Amino acid sequence: MTGETHNSSNPSLSPGKKPLYESSTQFKSWRYSPEQLRQVRQTLNVAAVEAIRKTIEESEPGSSASLSFLQSNDELVLVKLYVTKIPQLCGHFRFPEEVEATAISYLKRFYLKNTVMDWHPKNVMLTALFLATKTTNNPISLDSYTSNIPKTSHSDVLDLEFLVAQSLNFEFAVWHAHRALWGLWLDLQSLPDITEALRPPQVYEIALKHVRASRFTDAELIYTPSQIALASLSLASPLLSEKWMDSKMPPGSVAAKSYRQSLECSSSAIGDMILRDAQPPDVETAREVDRCLKLCKNPEKVVGSKAYLARQAVEERRAEERRNKKARDVHKTIEGDDPFGCELVECSKGPHDMDEDD
């Protein structure tokens, strides 16, 4: 995990006091360094290509030689395209910001455990969004959801729901930068030297736009929500960002100075990331990746293919074996001892069983 944390090195915290965020599953399970992210995606991609090539060769020997498989960067282009679709759908359904941000996090996390060559981002995106409505307590009926999305059936959403939840390790809580930004804004309102003229409402709106833009980048997988919020505020108003840091880390302390330098460094890196990477992917590039995906998709996931039917047959056989074993176990239990235990028999004591006191 990345060492760039907004944590116990904060001199404003009491000694030994641990920030609540560090107890979250997000901090423990879903934070990486940029190099770790590249390695995770590359490893997934290589493993997927090897598995798919093997499956194709088993079905049609030699047929995989001419195939061009997706690279990890190609996969990222397609995932990012469908990340940008989530705000559009949320706007259509009028979902709150919490749903949008959570669904985007779910989609990103899913593809740190899976590959687009196994699971196309379109259906995963629809499932992630539907799941987010439930985990954020903003539920919508499946009928209302699917009927408002063209060419979408119940199975398109439900078939992947368990897989998505499992890929998230059933860790559904997400800490978001837009909430941290609101906390910073409330802090600024309480500072005596920050007048309303210095903090006009449009500054907050601009900062919020940067927070939203950060969702199209890897920022939330590398940095903490508070770091992203501060970087977004700094992009909107460097002065207010400085004032906030002055209030939290007064000059004079060596620890405070060191921590502030670290915070300014991470804030600058996040700002650069937002300005550089937050643009939607080129549509034609994404289309080309999608066309290539149709040729190199895992045949075991293509309904009706030989590999798909063979896999289904294996899974059916295994399921039948489990059912038969269960039936044998039940039959053995019934034929043997009483499944509810032996009957209780009250035994009377004979004369020879009596104690001397009796």
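Predicted model: local features only at pLDDT ≥ 70, side-chain atom pairs only at ≥ 80, totals over all residues.
View 1. Look for Val 79 in helix α3. Then find Tyr 111: Val 79 and Tyr 111 are 32 residues apart in sequence, yet their C-alpha atoms sit 7.9 Å apart in space.

**View 2. The largest nonpolar core.** In soluble globular proteins, nonpolar side chains tend to be buried together. Here the largest nonpolar core has 49 residues. Which of them touch the most other members? They are Leu 70, Leu 107, Met 117, Leu 129 and Tyr 145. The elements giving two or more residues to this core are α2 (34–59), α3 (72–83), α4 (85–93), α5, α6 (121–135), α7 (142–147), α9 (161–167) and α16 (283–296). Helix α6 hands over the largest share, eight residues.

View 3. Searching the whole structure turns up eleven aromatic pairs. One of them joins Tyr 21 and Phe 27 in an edge-to-face arrangement, with 5.6 Å centre to centre and 75° between the planes. Both partners, Tyr 21 and Phe 27, are buried. Elsewhere in the list of rings, Phe 93, Phe 95, Phe 130 and Tyr 145 are linked by ring pairs into a cluster.

View 4. Rolling a probe the size of a water molecule over the atoms shows where empty space is left. How many cavities of 30 Å³ or more are there? The count comes to one. The volume of the largest cavity is about 130 Å³. Its lining is made up of 14 residues, and those nearest the cavity centre are Trp 175, His 176, Ala 177, Arg 215 and Glu 220. Two or more lining residues come from each of α5 (97–110), α10 (177–189), α11 (201–214) and α13 (225–236). By type, the lining splits into seven nonpolar, five polar and two charged residues. Why does the cavity lie between domain 1 and domain 2? Domain 1 (22–174 + 282–301) and domain 2 (177–278) both give residues to the lining, so the cavity lies between them.

**View 5. Asn 137, a loop residue with positive phi.** Asn 137 turns up in the loop between α6 and α7. Phi of Asn 137 is positive, about 65°, although this residue is not a glycine.

**View 6. Phe 170, another residue with positive phi.** Phe 170 is not a glycine either, and its phi is a positive value near 60°. This one belongs to the loop between α9 and α10. Relative accessibility of Phe 170 is 45%, so it counts as partly exposed.

Conventions
Residues numbered from 1 in each chain as written. Heavy atoms only, no water. 1 Å grid on protein atoms, 1.4 Å probe; cavity = no way out; pocket = protein on both sides within 12 Å on 5 of 7 lines; lining within 4 Å. Points joined across faces, edges and corners; volume = space filled by probe spheres on them. Helix = DSSP H or I, 4+ residues; strand = E, 2+ residues; numbered from the N terminus. Nonpolar A, V, L, I, M, F, W, Y, C, P; charged D, E, K, R; others polar. Domains from an automatic or database assignment. Phe/Tyr/Trp six-rings, centres within 6.5 Å; stacked < 30°, edge-to-face > 60°. Buried < 20%, exposed > 50% of the residue type's maximum accessible area, 1.4 Å probe, protein only. Core = buried A, V, L, I, M, F, W, Y, C linked by side-chain atoms within 4.5 Å.
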